[in-house]
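Let's take a friendly walk through a protein chain together. Keep the sequence and the structure in view as you read.

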Amino acid sequence: MEKLADWDDLARLFAAEAAEGTIDRLRRHWSLVEAGEQAGRLTAVEAVEAVRRQYGESLELLRIAEGAVGGEPGFRYADIGTGGGWPGLVVACARPGWEVHLVEPLQKRARFLEAAARELGCTNVTVHALRAEEAGRGPLREACGLVTARAVAELRVVLEYAAPLAAVGGVIALPKGSRLEEELAAAEAAVAELGCELDAILPMRPEVSETVRVALFRKRAACPARYPRRAGVPERRPIGGPVRRAGVIGADC
Ligand SMILES: C[S@@+](CC[C@H](N)C(=O)[O-])C[C@H]1O[C@@H](n2cnc3c(N)ncnc32)[C@H](O)[C@@H]1O
């Protein structure tokens, strides 16, 4: 397979997930997305591209992140800005033994995620209809072994969302496109300030994406109590300097 093109390719590339019935559940999720117009537009990615970009990239992010965290049953994981379900609900389908927290502030999307999780039998999911800045001051603070966020904001902004949720020793896994180096340079102060360290940058397999790499950060120390700042502040006044254009990848939703 040169490039993952359809559900059969996805099942071949992620054979263990296919054997567990995950790919069938993801197909069902996509039909819920297509039928979910009352939730508003959940993704701008066309059906023909969705298998690779939404499901392939989500499972590949899980594969890469899991290499850094292990993930025993009961492992606590949070996804920030899950939108219609990527990657957080995909991970919940693939790892039913994990405790999965989806942080999504848009009420319609949060309701869609709750209904979809119910429909898919994902009893391991809790949806938090909150901004990350609020979730970072609640019971999830410093409680998650893995935190992800895809296509939510530029790196240093998303680190301020994610770092407060990660447990000390935990991992933050962020898929990023061609602007990664530029975003990393701008995030230097934020990485240190938030108690994080860049552990690795790992590419996705080319069948899934030629361009997306995953930046893995390790939480080395507790996050200072002043972070996250009030809702909207991380984006308006990113740690380390003036606002830059958000360099997000993945779905434009
Ligand atoms: C471009 S969509 C990406 C959705 C999904 N992660 C994907 O890859 O398809 C960005 C999502 O981030 C959410 N978001 C934006 N700001 C946020 C914040 N401060 N905290 C949590 N979620 C946020 C939006 O509501 C939206 O659903």
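The report below starts with the whole chain and then turns to some of its parts.

## Before we start

This is a predicted model, in which local features need pLDDT of at least 70 and side-chain atom pairs count only at pLDDT 80 or more, while totals for chains, interfaces and linings use all residues. Residues are numbered from 1 along each chain as its sequence is written.

## The whole chain

The chain has eleven helices and seven strands; these are DSSP runs (helices: H or I, at least four residues; strands: E, at least two), numbered from the N terminus. Along its principal axes, the C-alpha trace spans about 45 × 35 × 35 Å. The radius of gyration (taken over C-alpha atoms) is compared here with a globule rule of 2.2 Å times the number of residues to the power 0.38. A compact globule of 253 residues would come out near 18 Å, and the chain, at 17 Å, agrees.

How much of the chain is buried? Buried residues make up 51% of the 253 residues. Here, a residue is buried if 20 or more other C-beta atoms lie within 10 Å of its own, exposed if 12 or fewer, and partly exposed in between, with C-beta atoms placed from the backbone. Two residues are in contact if their C-beta atoms, placed from the backbone, lie within 7 Å. Of the contacts with a separation of 6 or more, 75% join residues 24 or more positions apart.

Helix α3 (residues 22-35) has 14 residues and reaches 20 Å from its first C-alpha to its last, close to the 20 Å expected at 1.5 Å a residue. That expected span is 1.5 Å times one less than the number of residues. The buried residues of α3 are Thr-22, Ile-23, Arg-25, Leu-26, His-29 and Val-33. They sit on the same side of α3 because they cover an arc of only 155° around the axis, the arc being that of the directions from the helix axis to the C-beta atoms.

On the other side of α3, Ser-31, Glu-34 and Ala-35 are exposed. The cover over the buried residues includes α1 (7-13), α2 (15-19), α4 (47-69), α5 (88-94) and α6 (107-119).

## The core

A nonpolar core is a set of buried Ala, Val, Leu, Ile, Met, Phe, Trp, Tyr and Cys residues joined through C-beta atoms within 7 Å. The largest one has 74 residues, and those with the most contacts inside it are Leu-89, Val-158, Leu-159, Ala-162 and Ile-172. Helix α4 gives the largest share of this core, seven residues.

Look also at helix α8 (residues 155-162), where eight of eight residues are buried. Among them are Val-158, Leu-159 and Ala-162.

## Annotated positions

An unreviewed UniProt entry carries the annotation "binding site" for Gly-81, Ala-132, Glu-133 and Arg-150. Such positions are given in the numbering used here, feature names are shortened, and annotations may be inferred rather than shown by experiment.

Gly-81 is found in the loop between β1 (76-80) and α5. Why does Gly-81 count as buried? Because it has 24 other C-beta atoms within 10 Å. Not counting residues up to four places away in sequence, Gly-81 touches Val-103, Glu-104, Ala-149 and Val-152. Glu-133 lies in helix α7 (residues 132-135) and is buried too, with 20 C-beta neighbours inside 10 Å.
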